[in-house]
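Visitor: I am new to this structure and would like to be taken through it step by step. Could we begin once it is in view?

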Amino acid sequence: MNMKLTLKIWRQSKPDKKDAKGNFTPGGGKMETYALNEVSPDMSFLEMLDVLNEKLVKEDKEPVAFDHDCREGICGMCSMYINGQPHGPDRGITTCQLHMRSFKDGDTIYIEPWRAKAFPVIKDLMVDRSAFDRIIQAGGYVSVNTGVNVDANEIPIGKGIADKAFDAATCIGCGACVAACKNASAMLFVAAKVSQLALLPQGKPERKARVEKMVAQMDEEGFGACTNTGACSAECPKGISLEHIARMNREYFGAKLTSERV
Amino acid sequence: MSANPTAVKQKPNWLIEMLGSTIGRKLMMALTGLFLILFLAIHLAGNLQLLVPDEGRTFNEYAEFMGHNKLIQIVSILNFAFIIIHIVVSIILTRYNRTARPVAYAYNRASANSSWASRNMIWLGMILLIFLVLHLINFWAKSKFGPIEEVVYEGRTYHDLYAIVKMEFANPLIVGVYVLAMAGLAYHLLHGFQSAFQTFGVNHVKYTPIIQSFGLLFSILVPLLFAAIPIVMYVQSLL
């Protein structure tokens with residue numbers, strides 16, 4: 001049975017502006033209402049938007065701009081705030097894995113972009129998440145010399161540690177944590193990377209400098225502070241635990257108190 | 001001396017940098033908050049002596065001891081300092097956090113992913129601040145600056161603070177304000193207690209369940225016992 005839906009979608013033609021000093025100027029936009037009939041419950045949420053866009057193009061109207069890439073829940077590109085929650089009402093999935101069977105015939109669905117000063121809207125539902133890239137560039141890596149490949153299992157890593165590091169490494173950098181947080185804080189994202197590398201022996205040499213630089217960059221980008229509400233972890237499509245934020249805090253205090261950087 | 005070509009912009013002192021970071025500000029909230037939790041427990045232990053049925057002798061003797069003990073006086077100054085830091089940093093943080101989302105969502109279902117108390121700490125805190133001001137006017141100011149009756153136990157003179165409390169808690173309006181404020185305290189603690197440990201970085205399969213259970217017990221029991229004092233004393237005033 002096909003469904004009839006009312007969509008309320010954020011439309012914004014001019015991008016938000018953020019200057020070097022961190023001053024934010026909203027590009028301005030508004031929620032527009034669209035009626036969409038013939039929505040199959042088997043469609044994914046993005047396919048439903050594809051149908052809407054085809055309809056808009058046929059009517060000679062501007063289609064809705066939204067981010068997407070792999071459409072199989074692993075790339076972290078799709079980013080929509082659906083009915084008041086990042087990636088919609090279902091837990092543990094990205095927007096592309098949300099299906100229309102999660103909605104009822106006659107539903108009204110609100111679709112908005114991630115809202116954060118550090119994620120300026122480019123157009124409609126697309127936001128600029130390069131702040132995340134700059135945080136990773138600040139220290140979210142291990143420096144490796146080029147040359148002969150090292151055997152994969154040369155450094156023994158305990159199963160428990162490997163599992164924890166892997167849990168943190170499942171972060172796809174979609175930004176749902178920032179979108180869900182009442183303070184638009186990026187703590188869960190930064191914590192996942194700090195935690196993953198702090199747990200593993202390969203990350204140990206740069207451990208202190210990494211957390212100091214990544215936290216400094218996080219603050220520089222204008223993300224808010226953590227209130228420990230747990231919204232980030234609850235909405236994370238990969239279910240990354242708050243335990244990683246606690247680990248990052250330990251890493252941060254430890255690094256600040258003991259590193260040679262004064 | 002020639003300029004160092006690799007010299008970078010002077011960073012602030014590491015400690016200031018740490019405390020000024022978003023994580024450092026939270027550390028200040030957690031440290032001061034945990035101290036205030038300790039204060040609550042001690043304050044409650046002291047105040048429960050109001051309910052000892054000896055016309056306030058136990059309480060007055062206790063108050064006299066607290067008022068003249070040098071260590072207690074130092075701790076009480078620290079306590080005021082920590083309350084002020086807790087308030088000032090919370091306001092700075094809240095204002096900062098508001099700027100992190102300049103455009104609000106049209107539709108936000110925050111209740112789907114977080115507790116009411118965790119999202120409203122600043123407002124719960126404001127209730128407690130208003131209560132604190134009233135509380136200080138009611139008792140602290142009167143005990144320090146107001147005219148106080150004196151009582152004599154075994155030849156020693158004591159300020160009759162019990163009489164002030166008895167008089168205040170005979171007023172149902174004041175009792176109502178106290179009980180409501182304690183409900184606010186309960187919700188503030190419900191999030192604050194376990195949140196402080198998370199901020200310190202204490203999150204562990206062995207300890208976090210204990211912290212959470214104890215936090216829940218503390219958040220309910222302490223405000224409940226605090227609220228019981230004005231209620232019991234009001235009932236006593238009717239008898």
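Guide: Two residues are in contact if their C-beta atoms, placed from the backbone, lie within 7 Å. Please keep in mind that this is a predicted model.

Visitor: How many residues of chain A are in contact with chain B?

Guide: On the side of chain B, 35 residues take part, and the elements that give two or more residues to that side are helices H1, H2, H4, H5 and H8 of chain B. By class, that side has 17 nonpolar, 13 polar and five charged residues. The residues of chain A that they contact number 41.

Visitor: What is the angle at which H2(B) and H9(B) pack?

Guide: Two packed helices are described by the angle between their axes and the distance between the axes. Leu40(B), Ala41(B), Leu44(B) and Asn47(B) of H2(B) meet Val222(B), Leu225(B), Phe226(B) and Ile229(B) of H9(B), a contact made up of seven nonpolar residues, one polar and no charged. H2(B) passes H9(B) in a left-handed crossing, and with their axes 10 Å apart the angle is about 30°.

Visitor: Which element gives the most residues to the largest nonpolar core?

Guide: The largest nonpolar core has 107 residues, and Cys177(A) is one of those with the most contacts inside it; not counting residues up to four places away in sequence, Cys177(A) touches Ala186(A), Leu188(A), Phe189(A), Cys232(A), Glu235(A) and Cys236(A). The largest nonpolar core lies between domain 1 and domain 2 of chain A, because both give residues to it. With 12 residues, the element that gives the most to this core is H8(B).

How values were computed: Residues are numbered from 1 along each chain as its sequence is written. Chains are lettered from A and ligands numbered from 1 in the order in which they are written. This is a predicted model: local features need pLDDT of at least 70, side-chain atom pairs count only at pLDDT 80 or more; totals for chains, interfaces and linings use all residues. Helices (H or I, at least four residues) and strands (E, at least two) are DSSP runs, numbered from the N terminus. Ala, Val, Leu, Ile, Met, Phe, Trp, Tyr, Cys and Pro count as nonpolar, Asp, Glu, Lys and Arg as charged, and the others, Gly among them, as polar. Axes are lines fitted to C-alpha atoms, for helices over the stretch in contact, and angles run from 0 to 180 degrees between N-to-C directions. A crossing is left-handed if the near helix is turned anticlockwise from the far one by less than a right angle, and right-handed if clockwise. A nonpolar core is a set of buried Ala, Val, Leu, Ile, Met, Phe, Trp, Tyr and Cys residues joined through C-beta atoms within 7 Å. A residue is buried if 20 or more other C-beta atoms lie within 10 Å of its own, exposed if 12 or fewer, and partly exposed in between; C-beta atoms are placed from the backbone. Domain bounds come from an automatic or database domain assignment.
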